[in-house]
Each structure stands twice: as structure tokens, then as C-alpha cells.
Amino acid sequence: MKLALAISGASGVRLGEQFLRYLPDTVEVHLVVSDNARTVDRFERAGLTLHSDTDIAASIASGSFGVDATAVIPCSMNTLAKIACGISDTLTTRIAAVALKEHKPLLLAPREMPLSAIALENMLKLSRLGVVIAPPVAGYYSDHDDLDAMERFFVGKWYDALGIENTLYRRWGE
Ligand SMILES: Cc1cc2nc3c(=O)[nH]c(=O)nc-3n(C[C@H](O)[C@H](O)[C@H](O)COP(=O)(O)O)c2cc1C
């Protein structure tokens, strides 16, 4: 599976890191970040290709590269708005546009609170186009006694939405 992950400039960059942390080695990951120099050490991982957000000519910017699934975690309201309008002026917004035009799974994890009507409208528009809108909303049925456990719940739910098998959280009824 080829997976593209973009980490945008919302609070909760750590959520993108946690998403990477638990991915099986079999997943070929393409990571888009805005500042390679700052993040390259943190994101070192076998099978990971790091792209700059300004590199519009990156492999994953083309539908022909064949990315299977795309996620933006966390997703800022700025990036959300651009994706909803079809603007693709960065690699992050371009890979989202590619996922939409190729009808491939696209998951956004918007991080903002409270949400404006504009953000809500953007999410509704994208949801109607088949985008999975999956903000990091805490669940209280699964024994999360620390932040790591709560984040495993988020990541597990995101993996579920993208068809990545996991046992990161205790499911209802288990
Ligand atoms: C400390 C800090 C925290 C921020 N947190 C959020 C956030 O949680 N959600 C959000 O939508 N924007 C947040 N912003 C604003 C975005 O960083 C800003 O809109 C930026 O233009 C997003 O750029 P990008 O969409 O290209 O990543 C934050 C900004 C700062 C400085």
C-alpha cells in the first residue's frame, strides 16, 4: 500500500507523528511536511520518503504515481478550506486534490475548536464528496487513562477508516 501523509500547521503535529509510529512496515509512506530540516530526524523511519510541502513536482503530486490513500493529520482550517475550494498551491493541497480527482480514500483530521460555520461548511462539502472527516475527538468507552492511550484510539480509528488493520484500542464489546 502506498500512503501519503501530510502534516499541516494546526496544533497537534504530534498526532501525525503518532499516526506514523504505529504503521505496519509493509506500508510505503510518503510524508509531506513544511520544514524538512526541522523534522527529518523526528520522522526517520524505514520505508518513508520525505517531501517538502513546496515540492509541487514530487512523485506523489501526480495521479500516475498511484497513491492508494491520503491523510492530512492534523488538518488546519486553512488547508481544509483550500482543499474544499480545489486550490492546490502546496504539495499537501495538491495530494488532496489528486486523491479527490482519482477517487481514492482521503482522510482529514481537522483540529480546531470551536468550529466556524465556514469550517463546518467546508467539512460538509468534502464529506459529501466522500472524504472522511475524522477530527481527534476523544472516545470515553475504551479505557484511555493517559494521552498515549487516547492517541492510540485516534490512530486506530484513522487506520480503520483507511483499511489498515490494527489493535490500537479496545473495541466496544471486546
Ligand atoms: C501555535 C499555533 C497553533 C495553531 N493551531 C491551529 C489549529 O489548531 N488549527 C488551525 O486550523 N490552525 C491553527 N493555527 C493557524 C495555522 O497555523 C495557520 O492558519 C497556517 O496558515 C496554516 O497553514 P497550513 O494550512 O499551510 O499548514 C495555529 C497557529 C499557531 C501559531
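Predicted model: local features only at pLDDT ≥ 70, side-chain atom pairs only at ≥ 80, totals over all residues.
## A first look around the model

Let's start at the ligand: the residues around it are Ser 8, Gly 9, Ala 10, Ser 11, Ser 76, Met 77, Asn 78, Thr 79, Arg 111 and Glu 112.

Now for the strands. Six of them form an open sheet, and reading across it the order is β3-β2-β1-β4-β5-β6, with parallel pairing. The edges are β3 (48-52) and β6, each of which pairs on one side only. As a bit of background, strands of a sheet pair through backbone hydrogen bonds, either parallel or antiparallel.

| Strand pair | Sense | Bridges |
|---|---|---|
| β1 (residues 2-6) and β2 (residues 28-33) | parallel | five |
| β1 and β4 | parallel | four |
| β4 (residues 69-75) and β5 | parallel | four |
| β5 and β6 (residues 132-133) | parallel | two |

Ala 4 stands opposite His 30 in β2, while the bridge partner of Leu 5 is Ala 71 in β4. Moving along, Thr 70 has Leu 106 in β5 as its bridge partner.

Is β4 enclosed or open to the outside? Seven of its seven residues are buried, so β4 is largely enclosed by the rest of the structure. Both of its faces are covered: Ala 69, Ala 71, Ile 73 and Cys 75 sit on one side, with Thr 70, Val 72 and Pro 74 on the other, and all are buried.

Strand β5 (residues 106-110) is mostly covered too, with five of its five residues buried. Leu 106, Leu 108 and Pro 110 point one way from β5, and Leu 107 and Ala 109 point the other way.

In soluble globular proteins, nonpolar side chains tend to be buried together. In this model, the largest nonpolar core has 45 residues, and the members that touch the most others are Leu 5, Ala 71, Ile 73, Ile 95, Leu 108 and Trp 158. Helix α6 (residues 147-162) gives the largest share of this core, six residues.

Take Ile 95 as one example of what those contacts look like. Apart from its neighbours within four places in sequence, Ile 95 is in contact with Ala 4, Ala 6, Val 32, Ile 60, Ala 61, Val 67 and Thr 70.

Ala 99 is found in helix α4. Why does Ala 99 count as buried? The cut-off is 20 or more other C-beta atoms within 10 Å, and Ala 99 has 25 C-beta neighbours inside 10 Å, so it counts as buried. Not counting residues up to four places away in sequence, Ala 99 touches Thr 70, Lys 104 and Leu 106. Ala 99 and Ala 61 are 38 residues apart in sequence, and their C-alpha atoms are 9.8 Å apart in space.

Gln 18 sits in helix α1 (residues 13-21). Gln 18 is buried because 21 other C-beta atoms lie within 10 Å. Which residues beyond its sequence neighbours is Gln 18 in contact with? Leaving aside those within four places, they are Glu 151 and Val 155. Gln 18 and Ala 96 are 78 residues apart in sequence and 20 Å apart in space, C-alpha to C-alpha.

Most residues other than glycine have a negative phi, and most peptide bonds are trans. A few spots in this model go the other way.

The peptide bond from Ile 73 to Pro 74 is cis, with omega near -10°, and Pro 74 lies in strand β4. The bond from Met 113 to Pro 114 is cis as well, with omega near -5°. Pro 114 is placed in the loop between β5 and α5.

Then there is His 103, which has a positive phi of about 55° although it is not a glycine. Where is His 103? Look in the loop between α4 (91-102) and β5. His 103 is exposed, with 9 other C-beta atoms within 10 Å.

Definitions and conventions
Residues numbered from 1 in each chain as written. Buried ≥ 20, exposed ≤ 12 C-beta atoms within 10 Å, placed from the backbone. Contact = placed C-beta atoms within 7 Å. Core = buried A, V, L, I, M, F, W, Y, C linked by C-beta atoms within 7 Å. Near = placed C-beta within 6 Å. Pairing = 2+ DSSP bridges.
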